[in-house]
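Me: I would like to go through the helix packing and the nonpolar cores of this protein. Here is the structure.

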Amino acid sequence: MDHSSGLSRWGVLALTLLLALATACSQHEDTAPDHRMSPKARTYLTAALDLIQKRALKRDEVDWPEVRRTAFAQAADARKPSGTYPAIEGVLSALGDGHSRFLTPAAAKQSSGTSLDTIPGLVAKRLRSGPGYVALPGVQGSTHTYDTYVRQGQGAVAATDRKGTCGWVVDLRGNRGGNMYPMFAVIAANMGDGNVGAFVGADGKRTVWTVKDRNLKVGTNPSPLPVARPLSRTHPAVAVLTDSQTASAGEAVTVAFRGRPATRSFGMRTSGVPTGNRRHRLSDGAALVLTEMMEADRTGRTYDGPIPPDEEFLVEPKDIGTNRDRALDAATRWLGKQPGCP
């Protein structure tokens, strides 16, 4: 047997197989999703994923190699940043926090630029049975809008207080959130001075919310908004009303009243996103609104889901403020039993 001749035949076969494999690999690389994406789109998507992976509250609950592979596959044909938007939204959905979201450049501009001269639904009045009542809707917009919210809310609360009140109803039903600072600026006098809550990061670090002289301070940052006026009755009893539409910053106000003396809540469970978001602008003007913190009340208890009231009442939105508003009725009855409130 000619061993050298056999080796040549095997060598030729091996070379043929290697060439076929190389050709197949080359074809695969040319058609692989990763290679159809433009450098600009790839850079944009990479930056967004890096930011989410670094900052998201639930970052440790995600299989990042798999999530990133899926995102790049989904954005395979992207030629510009907008082509990666669905992939980014998919990653935010994979976090499962129910609160993070992606804003296109147009949506980001609209959410920060709305200017209002009157805030619908922001009212305060004295109820027939004696308590003061203030309804706090959600708010998101321009600095002018926030100034309007605070001026309108503080003025209404002060006018109601001058009529003589015994206890307060703080109605957060329908408050979908937004910016918490204007809400606290209106209601801070009802909370009392001291630690009223905190943001808690994934590492357990706490950024405390402090009310001092009717002004909110988050960590070392005081609110830039006007200080609330003092109430005629310090440390009044407070009844808090919530429903399934109370969310985000509305839940932050809910949390701030949890554990407060002479306070009780009525209505329905909140929406279930008592978490803190930070907004990050991307290179094309879009924005990542990332959930980065849980919220904790003044006792230290943290919340990461719907907050139940002390007394539960199902009230349809159309019945709020009517004689069928069982939560408001229960709240006013409870306030009427508090010391100094006949």
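Predicted model: local features only at pLDDT ≥ 70, side-chain atom pairs only at ≥ 80, totals over all residues.

Reply: Residues are numbered from 1 along each chain as its sequence is written, and side-chain values use heavy atoms, without hydrogens and water.

Me: How do H2 and H3 cross?

Reply: The axes of helix H2 (residues 39–55) and helix H3 (residues 64–74) come within 11 Å and cross at roughly 150 degrees. H2 and H3 are therefore roughly antiparallel (an angle over 145 degrees). Their crossing is right-handed.

Me: Which residues make the contact?

Reply: With contact meaning heavy atoms within 4.5 Å, H2 contributes Arg42, Leu45, Thr46, Leu49, Asp50, Ile52 and Gln53, and H3 contributes Trp64, Arg68, Ala71 and Phe72.

Me: Now the cores. Which residues touch the most other members of the largest one?

Reply: They are Leu136, Phe184, Met191 and Trp209, in a core of 43 residues. A nonpolar core is a set of buried (under 20% relative accessible area, 1.4 Å probe, protein chains only) Ala, Val, Leu, Ile, Met, Phe, Trp, Tyr and Cys residues joined through side-chain atoms within 4.5 Å. Elements giving two or more residues to this core include helix H6 (143–162), helix H7 (180–191) and strand E5 (194–201). H7 supplies the largest share, 9 residues.

Me: And what does Met191 touch?

Reply: Not counting residues up to four places away in sequence, Met191 touches Phe184, Val196, Val211, Val253, Ala256, Phe257, Arg260 and Arg298. Apart from this core lies another, of 27 residues, among them Ala71, Val91, Leu92 and Leu95.

Definitions and conventions:
Axes fitted to C-alpha atoms, helices over the stretch in contact; angles between N-to-C directions. Helix = DSSP H or I, 4+ residues; strand = E, 2+ residues; numbered from the N terminus. Parallel < 35°, antiparallel > 145°, perpendicular 65-115°, else oblique. Left-handed = near helix turned anticlockwise from the far one by under 90°. Buried < 20%, exposed > 50% of the residue type's maximum accessible area, 1.4 Å probe, protein only.
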